[in-house]
Amino acid sequence: MSDARFGLNRIARLGSPLPLDGGGTLSSVDIAYETYGTLSPARDNAILICHALTGDQHVASDHPVTGKPGWWTRMVGPGKPVDTDRHLVIATNVIGSCMGSSGPASAAADGCPHGMRFPVITIRDMVRAQAMLLDHLGIDTLAAVVGGSMGGMQALSWAATFPARVRSAVVIASTARHSAQNIAFHEVGRQAIMADPKWRGGDYYSSGDPPSAGLAVARMAAHITYLSEAGLTEKFGRKLQAREAKTFGFDADFQVESYLRHQGLAFSDRFDANSYLYITRALDYFDLAEEHGGLLANAFRGAATRFCVVSFDTDWLYPTRESRNVVHALNAAGAAASFVELSSPYGHDAFLLESPELNRVVDGFLRAGA
Amino acid sequence: MSGLRPDLAIIAAHVAPGSRVLDVGCGDGALMAALRDDRGVDARGLELDPADVATAVARGLSVVQGDADTDLKDYPDAAFDYAILSQTLQTTRRPDRVLDELLRIGRRAFVSFPNFAHWRVRGSLLFGGRMPVTRLLPLEWYETPNIHHVTIDDFRAFVAQRGITVEGAWFLARGAPARPAAANVFAEHAVFLLRR
């Protein structure tokens with residue numbers, strides 16, 4: 001495809017202002033994105049992949065910072081459930097993030113990073129920005145929007161906000177609203193970042209010394225919520241880290257401590273602390289029912305969109321009852337809904353890991369809609 | 001409709017083309033797929049077993065994992081032309097409430113169940129003194145999902161007492177039609193079409 005709008009590592013500068021749920025507007029919006037596969041002549045085979053809190057547009061290409069393979073190569077690629085031989089797959093970096101889309105780290109009109117001048121955004125704002133990108137790409141209707149965790153929230157928000165533009169939605173390990181417990185864990189993470197003296201009110205970009213310690217602690221707390229208790233026990237138990245005995249000190253005696261510290265440090269190398277604040281805030285503000293008069297079913301009434309909702313039995317971040325809550329609303333609205341709770345030992349992270357059952361369900365669901 | 005279990009074939013043959021159907025206890029979606037492919041039916045399913053749900057969804061059907069005893073309340077009134085409950089009534093905790101829900105959600109309901117008064121079952125209990133293990137009821141008492149065994153006459157009395165209209169009834173013995181008069185003895189399966 002010679003059209004420069006399609007391919008890897010694209011950035012679209014969308015000139016039209018984006019009105020935000022919080023009241024302000026973004027005067028211009030950059031969206032970093034990638035496309036895989038080919039748009040059909042009828043322009044009707046596009047699938048949008050939505051990423052989770054710390055994900056990005058590199059769904060099936062190597063990450064530019066870590067060099068690791070794309071985060072969902074199990075799901076997206078030639079012959080995969082989201083089949084790039086049949087579909088044009090679009091993956092964007094959400095606004096507020098730090099991989100090329102407009103966010104706190106991107107330059108404001110004065111040439112300096114927005115920092116905390118960046119407006120607080122919502123999941124629906126992310127979705128509206130994606131819709132602007134689709135306009136830019138000349139794509140009216142999506143064959144599907146697919147996402148796990150925060151990506152699933154975007155998929156729900158897509159169906160609720162642009163029902164005529166979404167033929168089917170796949171919502172994995174997700175929820176229609178953030179619970180008190182979800183908000184609580186995020187607040188721990190935000191406070192860890194803001195308590196780091198290097199955070200400097202969010203104005204740390206010129207210092208070259210970001211609040212890595214705070215961001216690492218935030219990631220450590222969040223990472224616990226992505227795993228199951230049984231999974232942690234199986235992987236680490238009470239095993240000690242490269243030592244024969246406890247040291248009676250505060251070094252990482254236990255393997256689980258060492259693991260979390262590594263996760264925190266690796267994360268702070270690739271992610272912007274302010275983006276973490278903004279995106280966790282968007283998640284905490286997410287309550288799809290609230291946007292529709294308090295009744296979740298209203299979000300889906302009259303929609304022709306087909307839905308596939310999947311949960312995992314060990315996911316305690318967004319447990320199965322949250323998916324059932326969505327399914328009940330879909331049934332009440334008369335929407336075409338499928339739902340299955342899959343079994344996995346891996347907790348919330350299961351949606352990113354090897355799951356033949358998940359692949360089978362998504363593959364069949366997407367083929368039926370094609 | 002070839003390949004369908006006989007009671008499902010009867011149901012499939014009597015569902016109006018193009019109608020909206022909820023199949024409660026839809027298994028792997030065999031009936032739903034036949035209704036969709038052969039009769040243009042908009043079929044939705046509810047199934048307890050996650051592996052069956054995954055299979056049904058993978059064949060492109062709209063199936064929700066859930067429990068007939070607890071999850072029917074979320075469907076609006078008269079949302080479907082037919083609610084179908086095949087070989088599931090006897091596995092529910094409260095068959096009476098499930099049937100109420102079926103007739104609330106569907107304008108009509110198909111209900112099929114194995115007849116516990118079939119002569120083989122009677123013989124097993126009468127002469128053997130043991131809970132029957134037959135071709136149709138292949139599991140021992142401790143592992144069978146059938147917790148509310150019902151006979152055709154039980155069911156007839158039950159719907160009559162509740163003022164439910166029977167619009168159709170079909171009886172099967174070894175996959176072939178059986179006469180209604182002696183059905184309670186000779187039929188292995190019954191299929192009822194009901195209306196409130």
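This is a predicted model: local features need pLDDT of at least 70, side-chain atom pairs count only at pLDDT 80 or more; totals for chains, interfaces and linings use all residues.
I'll start with confidence. The predictor assigns the complex an ipTM of 0.88, together with a pTM of 0.94. For chain B, the average pLDDT is 93, and 99% of the residues score at least 70.

Chain A next. The chain holds 9 helices and 12 strands. As for burial, 51% of the 370 residues in chain A count as buried. Taking the contacts in chain A with a sequence separation of 6 or more, 71% of them are between residues 24 or more positions apart.

Chain A has two domains. Domain 1 is written in two pieces, 10-178 and 288-369, while domain 2 covers 181-281. Over C-alpha atoms, the centres of these two domains of chain A are 25 Å apart. How many residues are in contact between the domains? On the domain 1 side of chain A there are 24, and they meet 23 residues of domain 2 of chain A. What is the domain 1 side made of? By class, the residues of domain 1 of chain A that touch domain 2 are 13 nonpolar, 10 polar and 1 charged.

One residue I want to point at is C98(A). Where does C98(A) sit? You will find C98(A) in the loop between β8 (88-92) and α1 (123-137) of chain A. Is C98(A) buried or exposed? C98(A) is buried, because 22 other C-beta atoms lie within 10 Å, and the cut-off for buried is 20 or more. Leaving out residues up to four places away in sequence, C98(A) touches G103(A), A105(A), F271(A), D272(A) and S275(A). If you look at A32(A) in the viewer, A32(A) is 66 residues from C98(A) in sequence, yet the C-alpha to C-alpha distance between the two is 9.5 Å.

Now chain B. The secondary structure here is 7 helices and 8 strands. Chain B has 196 residues and a radius of gyration of 16 Å, which agrees with the value near 16 Å for a compact globule with that number of residues. Along the principal axes, the C-alpha atoms of chain B fill a box of roughly 45 × 35 × 35 Å. Buried residues account for 44% of chain B. Of the contacts in chain B between residues at least 6 apart in sequence, 60% join residues at least 24 apart.

Last, the interface between the chains. Here 22 residues of chain A are in contact with 15 residues of chain B. Which elements of chain A give two or more residues to the side that touches chain B? They are β11 (306-312), α8 (320-332), β12 (336-342) and α9 (356-369) of chain A. Of these, α9(A) gives the most, with 8 residues. By class, the side of chain A that touches chain B comes to 11 nonpolar, 5 polar and 6 charged residues.

To recap the contacts: 24 residues of domain 1 of chain A meet 23 of domain 2 of chain A, and 22 residues of chain A meet 15 of chain B. That is the end of the talk.

Notes: Residues are numbered from 1 along each chain as its sequence is written. Chains are lettered from A and ligands numbered from 1 in the order in which they are written. Domain bounds come from an automatic or database domain assignment. Two residues are in contact if their C-beta atoms, placed from the backbone, lie within 7 Å. Ala, Val, Leu, Ile, Met, Phe, Trp, Tyr, Cys and Pro count as nonpolar, Asp, Glu, Lys and Arg as charged, and the others, Gly among them, as polar. Helices (H or I, at least four residues) and strands (E, at least two) are DSSP runs, numbered from the N terminus. The radius of gyration is taken over C-alpha atoms; the globule rule is 2.2 Å times the number of residues to the power 0.38. A residue is buried if 20 or more other C-beta atoms lie within 10 Å of its own, exposed if 12 or fewer, and partly exposed in between; C-beta atoms are placed from the backbone. pLDDT is the predictor's confidence in each residue, from 0 to 100.
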